[in-house]
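The sequence and the model are shown here.

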Amino acid sequence: MIAVSKGCLGAEELAAVKAAFELGYFGMASKVLEFEEAVRKYLGAKYVITTNNCTSALHVALDALGIGKGDEVITPSLTFIGAFQAISATGATPVPVDVYPDTLLIDIEDVKRKITPQTKAIMPVHYAGNPCDLDALAKITKDHKIRIIEDAAHAFGSYYKGKKIGSFGDIICFSFDSIKNITCGEGGAIICFDEALADILRQKRSCGMKRPGQGSSEWKERVPFVEVNMQGYRYHMSNINASIGLVQLKKIDSFIARRREICRRYDSALKNVPGITCLPINYDNVAPHIYVIRVKNGLRNKLMEYLRNLDIETGINYVPNHLHHFYARKNVSLPATEQAFQEILTIPLHCGLSDSDVDKVIHGIIGGIKDLAS
Ligand SMILES: Cc1ncc(COP(=O)(O)O)c(C=O)c1O
C-alpha cells in the first residue's frame with residue numbers, strides 16, 4: 001500500500017534516541033532546550049516553547065491569553081478536530097467560518113461577519129502549508145483588539161510574502177507529529193514575541209511550574225524546588241522527542257525540496273484532467289504538508305475506493321467540524337466548506353515516495369476518472 005502520509009525517519013533518528021537514552025533522563029531537559037534553540041534559529045523566531053503536540057500548543061496558547069467561558073474563537077470548520085477541541089477545552093466557543101472555494105483558506109469576509117463583542121481570537125489555518133491572508137487578518141484584529149493564533153500545523157518551512165511563517169506575527173503553533181514536514185514522533189511548538197507571554201507559556205506547559213533558570217542555558221535537568229502560581233498542564237516535550245526533532249530539522253531543506261517536487265509533478269499531470277481540480281498553490285513559497293485534489297461529478301468516494309484497490313491510500317482533510325454532532329449548532333451554513341467536503345481527496349505526499357510511486361498515483365487517478373466516468 002502506498003501510504004497517504006508518513007514520516008521519513010531512519011538510522012540517524014534511531015541513533016539520536018539511543019543517545020537520549022544514554023543521557024539517562026527522558027523528560028524535559030537539555031535536548032528540549034537544544035531543539036527549541038534550533039527551531040528558533042531556523043524560523044528566525046523570538047521565543048519558542050515546545051509542547052508534546054500541536055493540539056496542546058493551541059490549548060495552552062488560548063489558556064495563556066485568558067480565553068475561556070463566554071469567549072468566542074473564530075476558526076475554519078475545515079480543520080483538524082484537535083483545533084476545535086483546544087478551543088472548547090478552555091470553555092470558549094469555537095465559531096466556525098467558511099473557506100475560499102479555490103484555496104480552502106479562511107474566508108476573510110466570513111471572519112468579518114462572525115466577529116462579535118465576545119470574539120477574543122482568530123485561529124486561521126495554513127491549509128496544506130499554504131499561508132492564508134495574514135495581512136488582512138492583522139488589519140481586522142487591529143481594529144477589534146483580537147489575538148491571532150496561527151494554526152501552522154501544516155506550514156513548518158512555508159513563507160508568507162518573503163517571511164518565514166513563525167518569524168513574525170502574534171502567536172504561531174506548529175505540529176511535529178508523525179506525518180508532519182518534520183517530526184519529533186509527537187511534538188508541537190508555540191512561537192511568540194512577548195517575553196511575559198513566553199514565561200507564562202513555559203509555566204503552563206509544565207503544570208504551572210516555574211523553574212529556576214527556565215528558558216536559559218542553566219535549565220538542563222530536573223530541579224527539586226519549583227514555584228507554582230497558575231493553572232498549568234502536563235504538555236511538555238520529552239528529551240526523546242526533541243532528539244528526533246533535532247535530526248529531522250537538519251534534513252528539512254531536502255524534505256521540503258522533495259515534497260515540492262512531488263507536488264509540482266502532481267500539478268502538471270493532473271491540472272488538465274477533466275473532473276479534477278488542484279489547489280492553486282505557488283510551491284516556491286510553500287513547504288507542502290498534504291496534496292489535496294477536488295474530484296467533481298460525485299466521484300470522490302468511488303475514486304477513493306478505486307485507488308484503494310490499486311493499493312494507494314488516500315485521505316480526507318477534513319470532515320468539517322461544524323458537522324460533528326458535538327459541535328453542531330443551529331443555522332450554521334458554510335457552503336464552500338460543505339461543497340469541499342464532498343470533493344476533497346488527499347493523495348500520497350511524503351518523502352518516502354519514489355518517482356514510480358508518484359507515477360502510479362497519477363496513472364491511478366487518471367485511469368480511475370476515465371473508468372468511473374464511463
Ligand atoms: C490543521 C491542524 N491543526 C492542528 C493539528 C494538531 O496537531 P497535533 O497532531 O500535533 O496535535 C493538526 C494535526 O494533524 C492539524 O492538521
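Is the crossing of helix 3 and helix 7 left-handed or right-handed? In this predicted model, helix 3 passes helix 7 in a right-handed crossing.

Two packed helices are described by the angle between their axes and the distance between the axes. For helix 3, which spans residues 54-64, and helix 7, which spans residues 195-204, the axes come within 10 Å and cross at roughly 125°. Angles from 65 to 115 degrees count as roughly perpendicular and those over 145 as roughly antiparallel, and helix 3 and helix 7 are therefore oblique to each other. On the helix 3 side the contact is formed by Val60, Ala61, Asp63 and Ala64, which meet Leu197, Ile200, Leu201 and Lys204 of helix 7. Sorted by class, this contact of helix 3 with helix 7 comprises six nonpolar residues and two charged ones, with no polar residue.

Helix 10 (residues 300-309) packs on helix 12 (residues 355-373) at an angle of about 125°, and their axes are 10 Å apart. That angle makes helix 10 oblique to helix 12, and the crossing of helix 10 with helix 12 is right-handed. Helix 10 contributes Lys302, Leu303, Tyr306 and Leu307 to the contact, while helix 12 contributes Gly364, Ile365, Gly367, Gly368, Ile369, Asp371 and Leu372. By class, the contact of helix 10 with helix 12 has six nonpolar, three polar and two charged residues.

The largest pocket has a volume of about 370 Å³, and 25 residues line the pocket, with Phe80, Ser175, Asp177, Lys180 and Tyr318 lying nearest its centre. The elements that give two or more residues to this lining are helix 3 and helix 4 (81-89), and helix 3 gives the most, with three residues. The lining of the largest pocket divides by class into ten nonpolar, eleven polar and four charged residues.

The residues that line the largest cavity are Lys6, Gly7, Cys8, Lys180, Asn181, Thr183, Gln248, Phe255, Arg259, His350 and Cys351, and by class they comprise three nonpolar, five polar and three charged residues.

Conventions. Residues are numbered from 1 along each chain as its sequence is written. This is a predicted model: local features need pLDDT of at least 70, side-chain atom pairs count only at pLDDT 80 or more; totals for chains, interfaces and linings use all residues. Side-chain values use heavy atoms; hydrogens and water are left out. Axes are lines fitted to C-alpha atoms, for helices over the stretch in contact, and angles run from 0 to 180 degrees between N-to-C directions. Helices (H or I, at least four residues) and strands (E, at least two) are DSSP runs, numbered from the N terminus. Angles under 35 degrees count as roughly parallel, over 145 as roughly antiparallel, 65 to 115 as roughly perpendicular and the rest as oblique. A crossing is left-handed if the near helix is turned anticlockwise from the far one by less than a right angle, and right-handed if clockwise. Contact means heavy atoms within 4.5 Å. Ala, Val, Leu, Ile, Met, Phe, Trp, Tyr, Cys and Pro count as nonpolar, Asp, Glu, Lys and Arg as charged, and the others, Gly among them, as polar. On a 1 Å grid over the protein atoms alone, a cavity is a set of points where a 1.4 Å probe fits but cannot get out, and a pocket is an open set with protein on both sides within 12 Å along at least five of seven lines; lining residues have an atom within 4 Å of a point. Grid points are joined across faces, edges and corners, and a volume is the space filled by probe spheres set on the points.
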